[in-house]
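Subject: A structure for you to explore

Hi there,

Here is the structure I promised to pass on to you. Please open it beside this email and turn it around as you read.

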Amino acid sequence: MKLPKGIYGITGEKFSRGRSNIEVVEAMIRGGVRVVQYREKHRDKSIREMYEECRLIREITRKHGVMFIVNDFVDIALLTDADGVHVGQDDLPLAEVRRLVGRRIIGVSTHSPGQADAAVAGGADYIGVGPIFETRTKEDVCDPVGFEYLEYAARKVPVPFVAIGGIKAHNIQEVVSRGTERVCMVTEIVGAEDIEGTVRRFSEIMEGKASA
């Protein structure tokens, strides 16, 4: 199972203009997103709420042939039969996650070449590369990594990678020109008035069919 190219969709309900994660996911899929990651925090939702949302999103993504990944919560990923999980540097060790999820896809957030190399050596199926620019979507995030690490990933990382962090309409072309085939934009998409149309526009920019 390989991570699809294009826009990598991530939920973020507090940035979604009052729309539910379910509504946002449906709109992203109509716009052409081929992978959706559920990302919420326990301080914002109960485990039960997250489980119920993931159960519904799993049904929607399966119906449309879209990959479904759960951030952080390996138990919820397994219980809802997600396609994979995504973990950060301070979450469960990659080897232990692999032991739990078996052949499901595992993504790892990385912020440096060393972390990328370690993730690949540990068996990650894909990595997140970022934050490329300053971002306020996540709290306690590290400083922006800029283009140097992105260019390293494009040259040296043998598994798929997703550029993430502060990517907006005005800088997506700069990111794509550095060799990434997968881009994640959270607030720029979930906070858009027209989510479906926004995904389509950014997909066309990535494919070279439109300019920002």
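Below is what I found, going from the overall fold to single residues.

Please keep in mind that this is a predicted model.

**The barrel**

Start with the strands. They form a closed barrel of 8, in the order E1-E2-E3-E4-E5-E6-E7-E8, with parallel pairing. On average, neighbouring strands of this sheet are turned by 25° against each other, direction ignored.

You can follow the pairing around E5. On one side, strand E4 (residues 84-87) pairs with strand E5 (residues 105-110) in the parallel sense, over 4 bridges. Look for Val 85, whose bridge partner in E5 is Ile 106. E5 is also joined to E6 by 4 bridges, and these two strands run parallel. Here Ser 109 has Gly 128 in E6 as its bridge partner.

Now have a look at E6 itself. In a regular strand the side chains alternate between the two faces of the sheet.

Helix H1 (residues 21-31) lies across strand E1 (6-10) and strand E2 (35-38), and runs at about 165° to E2. Helix H5 (residues 113-121) packs on the sheet too, where it touches E5 and strand E6 (126-129). The direction of H5 makes about 165° with that of E5.

Then there is helix H6 (residues 146-156), in which Phe 147, Tyr 149, Leu 150, Tyr 152 and Ala 153 are buried. What do the buried residues of H6 pack against? Their partners are E5, H5, E6, strand E7 (161-164) and helix H7 (172-176).

Gln 37 sits in strand E2. Its relative accessibility is 2%, so Gln 37 counts as buried. Leaving aside neighbours within four places in sequence, Gln 37 is in contact with Tyr 8, Gly 9, Ile 10, Thr 11, Ile 69, Asn 71, His 86 and Tyr 126.

Ala 82 is in the loop between helix H3 (74-79) and E4. Is Ala 82 buried or exposed? Ala 82 counts as buried because its relative accessibility is 2%. Not counting residues up to four places away in sequence, Ala 82 touches Arg 58, Phe 68, Val 70, Ala 77 and Arg 104. Take Phe 68 as an example: Ala 82 and Phe 68 are 14 residues apart in sequence, and 5.5 Å apart in space from C-alpha to C-alpha.

**Salt bridges**

How many salt bridges does a search of the whole structure find? There are 16. One of them joins the side chains of Glu 196 and Arg 30, at 3.1 Å from N to O. Glu 196 lies in helix H9 (residues 195-206) and Arg 30 in helix H1, so this pair ties together parts that are 166 residues apart in sequence. Glu 196 is partly exposed, with a relative accessible area of 26%, and Arg 30 counts as partly exposed at 48%.

Another place to look is helix H2 (residues 47-64), which holds both Arg 55 and Glu 52. These two are 3 residues apart, about one turn of the helix, and they form a salt bridge whose closest N and O atoms are 2.8 Å apart. Arg 55 also forms a salt bridge with Glu 59, with 3.7 Å between the closest N and O atoms. Glu 59 lies in H2 as well, 4 residues from Arg 55, again about one turn of the helix. Arg 55 counts as partly exposed at 33% relative accessibility, and so does Glu 59 at 45%.

Last, find Leu 78, Leu 92 and Leu 100, which make a nonpolar surface patch of about 240 Å². Leu 100 belongs to helix H4 (residues 94-101). At 46% relative accessibility, Leu 100 counts as partly exposed.

Enjoy looking around!

Best wishes

Methods. Residues are numbered from 1 along each chain as its sequence is written. This is a predicted model: local features need pLDDT of at least 70, side-chain atom pairs count only at pLDDT 80 or more; totals for chains, interfaces and linings use all residues. Side-chain values use heavy atoms; hydrogens and water are left out. Patches are made of residues with over 30% relative accessible area and no salt bridge: like charges are joined within 9 Å, nonpolar side chains (Val, Leu, Ile, Met, Phe, Trp, Tyr) within 5 Å. Accessible areas come from the Shrake-Rupley method with a 1.4 Å probe; for residues, only the protein chains shown count as cover. A salt bridge is a side-chain nitrogen of Lys or Arg within 4 Å of a carboxyl oxygen of Asp or Glu. Buried means under 20% relative accessible area, exposed over 50%, partly exposed in between (1.4 Å probe, protein chains only). Two strands pair if DSSP finds at least two bridges between them. Axes are lines fitted to C-alpha atoms, for helices over the stretch in contact, and angles run from 0 to 180 degrees between N-to-C directions. Contact means heavy atoms within 4.5 Å.
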